[in-house]
Amino acid sequence: MSGEFIAFFVLALLTIGGAVFMISFTRVVHMVVALAFTFLGIAGLYVLLEAEFVGVTQVLVYSGAISILMLFGIMLTRHDATEVTERKGPFKYIAFAGIAVFFIVSFLGIQSAHWGDQQADFTKQNNVKEIGIQLFTHYVIPFEAVSVLLLVALVGAIILAKKEAEDE
């Protein structure tokens, strides 16, 4: 057992645990904190894959900006403090069975896949330079579309928060 394997196991557990807690919690603030832990775990996995720039970007953009934006959205909107009652019935068991089947099929598919013997050599490449070249030559339009989409979402959140404040 190497240190890299232990680090992968811990980061994978943090990522999956944060995702499971995010969908399990009922309070929105707790969900955002669990989502932030998931994003941090993913950033750590990027660092283990020797994609340091993508890992740092993950921390800055998702763990920082998106989580803070969600918290501001929560604070600007009104929420009831009532607890949501859990639905009883077979839905919980059907969902669990579906997840178990998906896990088994995914596990068997990964075990039977042939990944090849050749290992990728990332030491000769400059990751940041390659990302910049790809982003600004082939993906300029999607990059700008995402920035416009985020701006529209921010303006929409402000308008919704302002309407709720006027209604009170």
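Reader: Is phenylalanine 39 buried or exposed?

Author: This is a predicted model, where local features need pLDDT of at least 70, side-chain atom pairs count only at pLDDT 80 or more, and totals for chains, interfaces and linings use all residues. Residues are numbered from 1 along each chain as its sequence is written, and side-chain values use heavy atoms, with hydrogens and water left out. Buried means under 20% relative accessible area, exposed over 50%, and partly exposed in between (1.4 Å probe, protein chains only). Phenylalanine 39 has a relative accessible area of 13%, so the residue is buried.

Reader: How many aromatic pairs are there in the whole structure?

Author: Rings of Phe, Tyr and Trp (its six-membered ring) pair if their centres lie within 6.5 Å; planes under 30 degrees apart count as stacked, over 60 as edge-to-face and the rest as tilted. Searching the whole structure gives a count of 4.

Reader: Which class do phenylalanine 21 and phenylalanine 25 fall into?

Author: Their centres are 5.5 Å apart, with 5 degrees between the planes. That makes the pair stacked.

Reader: And what is the class of the phenylalanine 39 and tyrosine 62 pair?

Author: The ring centres are 5.1 Å apart. The planes meet at 40 degrees, so the pair is tilted.

Reader: Where does glutamate 50, with its positive phi, sit?

Author: Most residues other than glycine have a negative phi. Glutamate 50 is not a glycine, yet has a phi of about 65 degrees. Helices (H or I, at least four residues) are DSSP runs, numbered from the N terminus. Glutamate 50 belongs to the loop between α2 (28–48) and α3 (52–76).

Conventions. Helix = DSSP H or I, 4+ residues; strand = E, 2+ residues; numbered from the N terminus.
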